Amino acid sequence: MAQKTLSVKLSLNDKQFQSSLKKATRKMKKFGKSMKSTGQNMTKSLTMPLLALGGASVKLASDFETSMTKISTLVGASAKDLKEYEKGIMQLSEQVGISAKDLADGMFFITSSGFEGAEALEALEISAKASSMGMGEMSSISNALTSIMTAYADEQMTAAKAGDLLHETLKQGKFDAGQFMDSLGSVIPVAAGAGVSMEELGAASAKMSKLSGDA
């Protein structure tokens, strides 16, 4: 009797064990499918954006090289100067948070105006800091800055002084910074030729903008 009872209990225990095993197996399979799905989603969510980011980095590097090549082929900068420009641009990019490509575009305007070496790098630094302050796009500021430096070269107009005058004019005036920078280039040669100083030109521009609001 005892043996029969034990046999029944063992049989029941075995059935319960088998049933639990089947349930565990189903859960494991379900878990496995879930992990596989999660892995695929992680590939889409993490790997694909990383690949896209890598592609964007390559594009930025390519654009930078293109801009530097323009300085070499269209301006005629020496290999030595190009090396110094590239080093200065990379350092400045970290300091002001402007892309190397945009800085290289600014350097193109500066070197195209006849400035080179340390003077060109100083003009680039002033332009970059002005841009980071919201005074306009790198290329527009570089263009305006070098126009002032060229027109008033006889007055020993430096990049730092030109940058200060631009900043003060924007502070005193009532116009869009970018529009002002773009418009300034056509006015400077006429003003300088008529004997009007940059200080006088800046003051007149600021005064007139308060009346019209137009750069």
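F108 is buried in this predicted model, and its relative accessible area is 18%. The cut-off for buried is under 20%, so F108 falls inside that class. Its partner is F109, and the two rings make an edge-to-face aromatic pair. Centre to centre they are 6.3 Å apart, with 70 degrees between the planes. F109 is partly exposed, at a relative accessible area of 32%.

The charged end of K70 sits over the F108 ring, 4.5 Å from its centre.

How many aromatic pairs does a search of the whole structure find? It finds two. F108 with F109 is one of them. F175 and F180 also pair, and here the ring centres are 4.7 Å apart with the planes at 10 degrees, so this pair is stacked. Are F175 and F180 buried or exposed? F175 counts as buried at 14% relative accessibility, and F180 is buried at 3%.

Now the overall layout. Along the sequence the pattern reads α-α-α-α-α-α-α-α. Of the 215 residues in the chain, 31% are buried. Taking the contacts with a separation of 6 or more, 63% are between residues 24 or more positions apart.

Next, helix 1, which covers residues 2-75 and contains S67. S67 counts as buried, with 4% relative accessibility. What does the side chain of S67 join through a polar contact? The answer is the side chain of D105, at 2.8 Å. Beyond its neighbours within four places in sequence, S67 is in contact with K101, A104 and D105.

On to helix 4, residues 117-132. With 16 residues at 1.5 Å a residue, helix 4 should span 22 Å, and its end C-alpha atoms are 23 Å apart, which agrees. Which residues of helix 4 are buried? They are A120, A123, L124, S127, A128, A130 and S131. These residues cover an arc of only 160 degrees around the axis, so they lie on the same side of helix 4. What do they pack against? The partners are helix 2 (79-96), helix 3 (100-112), helix 5 (138-151) and helix 6 (159-172). Just after helix 4 comes G134, with a positive phi of about 90 degrees.

Most residues other than glycine have a negative phi. Q156, not a glycine, has a positive phi of about 55 degrees. Where does Q156 lie? Q156 is in the loop between helix 5 and helix 6. Q156 is exposed, with a relative accessible area of 60%.

Last, helix 8, residues 198-212, and in it L211. Is L211 buried or exposed? L211 is exposed, at a relative accessible area of 73%; the cut-off for exposed is over 50%, which is why L211 gets that label. L211 and G173 are 38 residues apart along the chain, and their C-alpha atoms are separated by 9.6 Å.

Definitions and conventions. Residues numbered from 1 in each chain as written. Predicted model: local features only at pLDDT ≥ 70, side-chain atom pairs only at ≥ 80, totals over all residues. Heavy atoms only, no water. Helix = DSSP H or I, 4+ residues; strand = E, 2+ residues; numbered from the N terminus. Expected span 1.5 Å × (residues − 1). Buried < 20%, exposed > 50% of the residue type's maximum accessible area, 1.4 Å probe, protein only. Arc of directions from axis to C-beta. Contact = heavy atoms within 4.5 Å. Polar contact = N/O pair within 3.5 Å; in protein donor to acceptor, adjacent residues only side chain to side chain. Phe/Tyr/Trp six-rings, centres within 6.5 Å; stacked < 30°, edge-to-face > 60°. Lys NZ or Arg CZ within 6 Å of the ring centre and 35° of its normal.
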